[in-house]
Amino acid sequence: MKFKLTSIATAIILSPAVLAADMEDIERLTVEGKYLSVNQSNSIKSPTPILDVPQSLSIITAEEITARGITSIGQIIDYAPGVNTSQGEGHRDAVVFRGVRSTADFYLDGNRDDVQYYRALYNVEQVEILRGPNALLFGRGGTGGILNRVSKKAKTGEKFVNYNVSANTFGAYNFQLDTNVDTGDKSALRINAMYESLDNHRDFYDGDRYGFNPTARFEVSDDTIVDVSYEYIDHERFIDRGVPTANGEPVEAFEEIVFGDPENNYQTLGADVFRANVEHTFSDNLKGNFNAFYGDYDKVYSNFYAAAYDADTEVVTLDGYVDTTQRENLILSSNLVGEFATGSIEHTVIFGGEVINTKSNQDRYNPVFDSTDGDREAFNVTRPLSFRGLTGTNAVGETVTAAFSDVNDDTHVDLDVYSFYVQDEIALSENFDLVLGARFDSFDIEVFNVVAAETRSRKDEEVSPRAGLVYKPQENISIYASYSESFLPRSGEQYANINGDADALDPDTFTNQEVGIKWDFSESMSFTAAIFENEQTSLDNDPNDAESFVEVDSDVSGFELQLQGYITDKWYVTANYSNLDGENASGVELRELPENTMSVWTTYEVNEVFGFGIGATYQDESKVSTSATSPVLPSYTRVDASAYYTLSDKTRLQLNVENLTDTLYFPNAHSTHQVTVGAPINARLSLIGSF
């Protein structure tokens, strides 16, 4: 039997724009059997209907990504509840999950994808966002939530060639190819490829992105499926860290000025990623999944940015650095999912383990200005700044030059992680399900500090529990309560060092308590709501006793609402609202935590060939930093729109417009004087089709 995804995924799949988005057989929008399989939802891992998962989550499919003209993780976040974007210093995805900023809680097919870069979407089947600590299934991190990309796999018995060619009004253009070849009765080859030329509204911005991802599937037997994949990644882009603030808010007059060096603000990334997955059915009640992941990454990030600004003299102080990362990640993981009964009580047990070895070398060099013999220099604010190619004229009229010659840090990291976890989904009765589980992680890190000629190490062993209770008064309604924990070692998200007291401090711990409801109140409309509280506990030096430590806590609480589905056969709507409130132990409001965020997107199918959509996303004001004197990002509303026209059975013309009202807004920031300038009105025209 086949069914459409329940709960939050239902409306996405039923959207008229989505239905027109992919020229493949419409059956690829359905899932075999009663449950989501591991391959279709790695974030859940066990075969549990979304309606029965005691956690707030969102899914967006490849079809919806295409129909909405989405090209980045950030654009997905704009229309998802409980999460918002952070600047990421202009070179990486950065998401704030319920008030917890992360640059490392990203996953690919359930494997950790922690290198900092902007992830492409050309080869994803769907993107999954789980909110709340997720250590049981994902280990360390996941402190506010995780984002998992599920990759496209080869399909046996199918042959297709899909393409997407687009260009926008800034001058950027993009080409994507998705082709599948049936190579035998039980094997197939699929190739996804992309090229993107980057451009936007800011001076000097440009770049190129290449991606090439062949995958192969082998149905070794009726019970065994093998998927293998290789991805080549080559990205280069200009780095823009935004504008400074004055009088507690971004300086709007500087919206067109780039505070950097046009020749030395850049990022390059080259990567080779290999994946292999074996799925084996041992019996009707026991299934296994075995996965190997290897990634080799080489990244360079160079930039200058506004470190200070004097509004009286209109003088900006530039700082900068060049940073390199060479990382190898080897991940071996497996899990077994079994179903059995003890008397009248049914169990779905997942037992899994993971072994990770990471070798990561990183260094950072600061500039040295010949005028100051330091890493900072002051310049008059002009467009463009009088600083290019490491040479310029400073604020007092002197010719200055800089060189990246001052080593800030150079560390070589060897990390070994061993984990195992068990979770039991217990059907106590027709109406009650109990979820109990725990994960053990051994996190062993060794850091050689080249500059200090010092080697440090630390080993953390943590147990992370999870519990949930689901009550189903009827088949289409679930009411749940859950508790979960996670942790983050003191080496941080990128585990670059354990300097100072970090090698003596226990990990930060995070707990989440959540109560929610999921209601599929018709075949084409669903509603979800959740109330939650996230708590973080850290150790820090006692200001009154250098030999002691004190706990430093922060707390985020709030609620989320989601409504998705068809109002009529032709009219689809999705609406989200989040309310968040958080502060640290001193009672200071947390950074990048807008109290209210909301979004709505609606599409209408006028006839069989034409349809249109319109939406808006609102973000309340938020603080740039967690300090009493922090500047504020003003609230904003951005309006977006789309339209499509079907030229033939295999070709569609699509228009997506962002910021329809041409609003000046500042969506996020990295620090006080690095605030992102939102893009003005822009349009993307796409030709989407198949052979």
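Where is Pro384 found? Pro384 sits in the loop between strand 22 (377–380) and strand 23 (387–388). Strands here are DSSP runs (E, at least two residues), numbered from the N terminus.

## Basis of the model

This is a predicted model: local features need pLDDT of at least 70, side-chain atom pairs count only at pLDDT 80 or more, and totals for chains, interfaces and linings use all residues. Residues are numbered from 1 along each chain as its sequence is written, and side-chain values use heavy atoms, with hydrogens and water left out.

## Backbone features

The peptide bond from Arg383 to Pro384 is cis. Its omega is near -5 degrees.

Leu390 has a phi near 70 degrees, a positive value in a residue other than glycine. Leu390 lies in the loop between strand 23 and strand 24 (391–393). Leu390 is buried, with a relative accessible area of 18%. Buried means under 20% relative accessible area, exposed over 50%, and partly exposed in between (1.4 Å probe, protein chains only). Asp662 also has a positive phi, near 55 degrees. The loop between strand 38 (651–658) and strand 39 (669–671) holds Asp662. Asp662 is partly exposed, at 45% relative accessible area.

## Nonpolar cores

A nonpolar core is a set of buried Ala, Val, Leu, Ile, Met, Phe, Trp, Tyr and Cys residues joined through side-chain atoms within 4.5 Å. The largest one has 25 residues. Phe254, Phe259 and Val316 have the most contacts inside this core. Strand 19 (286–310), strand 20 (315–342) and strand 25 (399–427) each supply at least two of its residues. The largest share, three residues, comes from strand 19. Apart from this core lies another, of 20 residues, including Leu269 and Val413.

Which residues does Val316 contact, leaving aside neighbours within four places in sequence? They are Phe259, Ala306, Ala308, Tyr309, Glu377, Ala378, Phe379, Val381 and Leu385. Contact means heavy atoms within 4.5 Å.

Five strands form an open sheet in the order 3-9-10-7-8, with mixed pairing. Strands pair if DSSP finds at least two bridges between them. The edge strands, strand 3 (57–61) and strand 8 (111–112), each pair on one side only.

Strand 9 (residues 124–131) and strand 10 (residues 145–151) run antiparallel and are joined by seven bridges. Arg131 has Gly145 in strand 10 as its bridge partner. Glu128 is partnered by Asn148 in strand 10. Strand 3 pairs with strand 9 in the antiparallel sense over five bridges. Leu57 stands opposite Leu130 in strand 9. Eight of the eight residues of strand 9 are buried, so strand 9 is largely enclosed by the rest of the structure.

## Aromatic pairs and charges over rings

The whole structure has 25 aromatic pairs. Rings of Phe, Tyr and Trp (its six-membered ring) pair if their centres lie within 6.5 Å; planes under 30 degrees apart count as stacked, over 60 as edge-to-face and the rest as tilted. Tyr163 and Phe691 form a tilted pair, with ring centres 5.2 Å apart and planes at 35 degrees. Tyr163 lies in strand 11 (residues 160–168) and Phe691 in the segment after strand 41 (682–690), so this pair ties together parts 528 residues apart in sequence. Tyr163 is buried at 14% relative accessibility, whereas Phe691 is exposed at 68%. Phe304, Phe369, Phe379, Phe387 and Phe404 form one aromatic cluster.

The charged end of Arg68 sits over the ring of Trp601, 4.6 Å from its centre. Such a charge is NZ of Lys or CZ of Arg within 6 Å of the ring centre and within 35 degrees of the ring normal.

Note on methods. Helices (H or I, at least four residues) and strands (E, at least two) are DSSP runs, numbered from the N terminus.
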